[in-house]
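Hello,

Here is the structure I said I would pass on to you.

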Amino acid sequence: MSSKISEETTSERPIWMRNAWYVAAFASEVGRSILPRKLLGESIILYRSEAGTPVAMQDRCPHRLVPLSIGSLRGPVIRCGYHGLEFDTNGKCVAVPGQEVVPPGARVRTFPVVDKYKLLWIWMGASELADPSLIPDVHWIDDPAWVPSTGYHRMEADFRLITDNLLDLSHEAYVHQRTIGNDAVADEPARVAVEQERLIHADRDMLNILPPPFFERIMDYKGRINRWQSAIYMPPGTHMTEAGVYPVETSSSKAFVGRVLHLLTPETPTSTHYFWAMNRNYRLEDEQMTEFIRTAVAHTFDEDKVVLELQMQAILKEQPAHLPSVALRADAAPIRARRLLARLIDAELQNGAVVAPPIALANDPPGNRAATNAVPA
Amino acid sequence: MSSKISEETTSERPIWMRNAWYVAAFASEVGRSILPRKLLGESIILYRSEAGTPVAMQDRCPHRLVPLSIGSLRGPVIRCGYHGLEFDTNGKCVAVPGQEVVPPGARVRTFPVVDKYKLLWIWMGASELADPSLIPDVHWIDDPAWVPSTGYHRMEADFRLITDNLLDLSHEAYVHQRTIGNDAVADEPARVAVEQERLIHADRDMLNILPPPFFERIMDYKGRINRWQSAIYMPPGTHMTEAGVYPVETSSSKAFVGRVLHLLTPETPTSTHYFWAMNRNYRLEDEQMTEFIRTAVAHTFDEDKVVLELQMQAILKEQPAHLPSVALRADAAPIRARRLLARLIDAELQNGAVVAPPIALANDPPGNRAATNAVPA
Amino acid sequence: MSSKISEETTSERPIWMRNAWYVAAFASEVGRSILPRKLLGESIILYRSEAGTPVAMQDRCPHRLVPLSIGSLRGPVIRCGYHGLEFDTNGKCVAVPGQEVVPPGARVRTFPVVDKYKLLWIWMGASELADPSLIPDVHWIDDPAWVPSTGYHRMEADFRLITDNLLDLSHEAYVHQRTIGNDAVADEPARVAVEQERLIHADRDMLNILPPPFFERIMDYKGRINRWQSAIYMPPGTHMTEAGVYPVETSSSKAFVGRVLHLLTPETPTSTHYFWAMNRNYRLEDEQMTEFIRTAVAHTFDEDKVVLELQMQAILKEQPAHLPSVALRADAAPIRARRLLARLIDAELQNGAVVAPPIALANDPPGNRAATNAVPA
């Protein structure tokens with residue numbers, strides 16, 4: 001398994017799909033100033049028109065290759081900071097100082113972008129396929145029944161290492177001992193399923209256990225609990241971790257449920273933009289709780305960042321021939337996820353007009369599944 | 001055009017001439033201590049003999065390759081800081097501790113160097129061709145009719161990007177808005193001429209305009225002015241920008257003229273030593289003005305440095321195949337300059353004994369040309 | 001000579017032997033916490049079992065390649081910090097969370113390590129050849145007749161450049177002018193001998209000289225002295241520099257003798273762990289002297305570090321084809337050392353089961369040799 005990771009990392013084969021919507025930014029990050037960001041290996045700028053419409057274009061003036069991000073927005077155009085060429089929101093050059101005629105080749109590539117769920121989504125594949133209905137449904141960030149705590153991590157790791165990490169939550173017991181982890185997570189194997197060739201599920205029920213510190217605090221309760229955990233992945237970059245907890249003497253319909261979205265956008269083959277939102281269905285008015293969760297999740301992902309970046313460095317410096325290859329039971333979901341992702345990439349390589357429509361990550365309200373699965377001890 | 005830049009940058013073909021005098025240092029920088037500096041890709045040390053004669057030699061002891069710059073000057077010799085070998089100013093080893101006979105191969109390569117115009121000039125081509133009369137005439141730095149403000153910038157950019165920059169001054173309107181630029185520079189196309197297959201000229205007259213901040217201050221005058229601007233380039237590394245301004249109600253013979261020398265010496269293919277001197281023909285006694293100009297020019301070139309270094313990085317990271325190719329009217333002079341430089345390099349490659357004698361950059365006094373060209377509105 | 005250095009540095013040919021004991025650490029550095037260290041190009045962790053037995057293993061979990069150095073020691077096992085796999089001191093995986101059966105491939109490579117002479121020695125060649133009797137005898141670090149001052153330098157240089165340095169002590173006159181050097185060292189050629197095809201000797205006697213500052217201080221004596229100096233090298237990484245001094249009016253049996261061990265372990269082809277111990281046979285109770293020597297030697301090796309790292313950089317950046325090749329009389333010992341090392345490497349390449357048993361670096365007590373050699377003027 002591990003050797004496959006490395007072979008893919010170092011091969012010329014693409015490691016991500018292009019015909020898909022990726023999160024480029026939180027919608028609130030982008031306005032009337034220029035935000036440069038590298039996405040899928042390309043340097044992009046993001047900004048909004050005077051009317052508020054989002055724009056994404058290559059961060060490069062076609063004349064002398066200087067980044068447009070050192071230019072400036074001037075009403076309807078962006079002006080290059082070197083020789084003053086002006087481009088409209090379609091990337092068309094509309095003015096060249098000192099000459100009347102604009103050369104026809106003077107054009108900056110633009111990319112479809114859409115505001116949805118308080119996120120800005122970008123399509124970097126074939127433009128004609130950029131149908132907004134293909135945006136994954138992550139409405140919990142923007143739904144009155146839920147309250148999000150959001151954040152961002154830049155990880156110097158192949159996005160697939162993060163995918164592995166999110167689909168094998170047994171690491172919580174070791175990486176996150178002081179926050180969300182306890183031994184129960186590692187000791188209880190997950191049930192893995194592939195849904196409609198589009199989703200990976202890794203589900204785990206932990207019954208009659210002592211709550212890890214994080215849950216103890218959000219429930220304000222120290223007794224024994226039932227807990228469930230669902231790791232869900234929809235390639236290329238959408239993860240949701242659902243966690244439900246409730247005191248053993250109550251029922252799953254009273255559960256404190258968190259649906260954590262982990263939205264991964266490759267920056268380069270070895271680095272990832274990690275946008276996250278922990279959405280909860282309890283204490284909706286409690287702003288201190290929102291902030292407490294934001295801090296706790298950020299801290300938890302800081303712990304993952306350390307491990308994942310060391311793992312990336314180890315893979316990059318090793319000769320693939322020397323890599324060990326040990327697959328554990330806990331790798332079942334990550335291995336299936338790699339295969340599913342590889343199949344989707346292959347399909348796109350064979351037919352550039354193919355897309356993989358997203359399906360629902362989970363149903364609302366969240367209690368039902370838990371009621372079915374969780375039999376209190 | 002741009003794609004040519006990149007192809008040349010990444011190719012194995014030389015991008016500079018060797019049979020030419022380049023500025024190695026300001027003469028005042030070099031004395032009885034050792035100055036290490038990389039020039040044309042080679043590590044060099046500069047110092048003066050006890051008699052004050054300048055010396056340039058490779059920064060490398062032939063014995064164990066340790067840089068001679070960690071050695072010390074001992075009377076007539078430089079002594080290596082590792083095993084004490086001593087070399088005279090011709091690079092000949094004259095003493096080896098512990099043995100009587102000096103091995104004949106123990107020799108450090110030296111380069112012809114000449115003090116002229118308060119600069120130290122180095123010849124890194126075929127030594128037998130190093131005729132001091134081939135040094136470009138830049139006497140304005142060292143002429144009682146002019147006062148220089150001098151400075152130095154190290155730019156992490158191919159010297160040819162700086163050449164492009166200096167020959168298309170339309171960038172002043174955008175890069176130097178707060179100092180010497182205004183829109184008039186970009187809106188008025190330059191007249192481009194090649195002189196004797198040796199010089200490129202790009203001349204521009206801006207009549208009856210409002211003065212940019214810098215000129216307003218040096219003239220202490222806020223009314224409308226006539227302005228002319230001449231960008232002159234003599235390959236490989238000599239640029240002069242002549243700028244003349246005078247109130248519209250006076251005549252060009254009263255003009256405030258600045259002749260800015262930009263003397264470029266490649267450090268590596270992607271970095272440049274940029275020695276500059278803004279020489280003025282007015283307020284010769286005004287030392288505050290000298291200092292004010294030094295600060296203003298340094299600030300202006302700091303602005304160029306930002307843009308040029310970003311441009312260099314963009315060229316280095318792009319695949320040449322993906323480079324856009326947009327040539328504007330304002331590129332006329334840069335394109336001719338590249339061609340002229342390439343022809344001179346080709347000539348040198350075909351015949352290592354060929355040199356390109358310099359010609360005069362401009363006549364004295366400076367007013368005449370302006371009088372001819374500038375017809376006040 | 002120099003060109004050979006560079007060719008070897010840049011070639012694919014191994015530059016060190018594997019079938020040999022190298023110093024991994026001072027014994028006191030290693031305990032019940034995990035010490036990561038790169039040795040012979042491999043990332044290793046060092047720690048001790050609960051019983052105090054030293055352990056060396058690869059710094060890499062075979063499951064996901066994460067460094068074990070971010071794990072933790074838990075009684076008899078080391079636990080990976082990512083998914084909690086546990087390994088015993090033989091590198092065998094003994095527990096995988098969430099499953100009963102441990103996959104047979106789950107194993108971390110370990111290396112023989114031995115505590116001896118207050119040092120931890122590691123064998124990174126064929127394990128079956130790791131006979132502790134092959135550890136070089138450097139007992140002076142751990143002998144009541146001697147007192148050591150110890151220290152460590154990490155040098156960003158090929159270990160063979162340090163070997164060259166230690167075998168041509170003429171550099172003392174230039175690099176260490178302010179400490180142990182004086183011109184006498186450079187002016188007096190060394191007598192070079194190869195002993196039993198296993199040791200290189202470069203010996204030098206300096207009679208009736210003025211003491212360099214360091215010796216003046218340790219002897220508390222400013223008159224003329226006799227001095228001898230023996231540079232001894234046993235490949236791959238054992239150097240001893242014996243220095244003896246005594247006032248001309250006394251005899252060598254009264255000499256102040258220092259035996260400085262320089263134990264070199266390649267970290268990478270261009271960096272070296274340099275463990276050192278200056279062992280003296282005088283003022284054994286004087287702790288201030290111990291500390292004074294430690295500081296003085298550290299300072300001396302700091303001076304070498306500057307030169308050697310610049311030399312390494314010069315070799316790495318030069319094209320081998322352009323390297324000068326000047327061999328001096330003082331290079332006799334370094335050249336013989338390179339040849340001897342190359343022969344031992346070749347022997348190992350031809351027969352992986354070959355080892356080169358160490359021989360004695362010097363006899364005890366040290367005075368005799370000096371008495372024979374040194375004829376006071």
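In chain A, the loop between β15 (225-234) and β16 (238-247) holds A:Pro236. This is a predicted model, and in it the peptide bond from A:Pro235 to A:Pro236 is cis, with omega near 5°. Chain C has a cis peptide bond too, joining C:Pro235 and C:Pro236 with omega about 5°. C:Pro236 sits in the loop between β15 (225-234) and β16 (238-247) of chain C. For context, most peptide bonds are trans, and most residues other than glycine have a negative phi.

A:Tyr117, in the loop between β10 (113-116) and β11 (119-123) of chain A, has phi near 55°. A:Tyr117 counts as buried because it has 23 C-beta neighbours inside 10 Å, and the cut-off for buried is 20 or more. In chain C, the loop between β10 (113-116) and β11 (119-123) contains C:Lys118, whose phi is about 65°. C:Lys118 has 14 C-beta neighbours inside 10 Å, so it counts as partly exposed.

Lastly, do look at helix α6 (residues 287-317) of chain B. Its 31 residues should span 45 Å at 1.5 Å a residue, and the end C-alpha atoms are 45 Å apart, which agrees. Among the buried residues of α6(B) are B:Ile293, B:Val297, B:Phe301, B:Asp304 and B:Leu308.

Best wishes

Terms used. Residues numbered from 1 in each chain as written. Chains lettered and ligands numbered in written order. Predicted model: local features only at pLDDT ≥ 70, side-chain atom pairs only at ≥ 80, totals over all residues. Helix = DSSP H or I, 4+ residues; strand = E, 2+ residues; numbered from the N terminus. Expected span 1.5 Å × (residues − 1). Buried ≥ 20, exposed ≤ 12 C-beta atoms within 10 Å, placed from the backbone.
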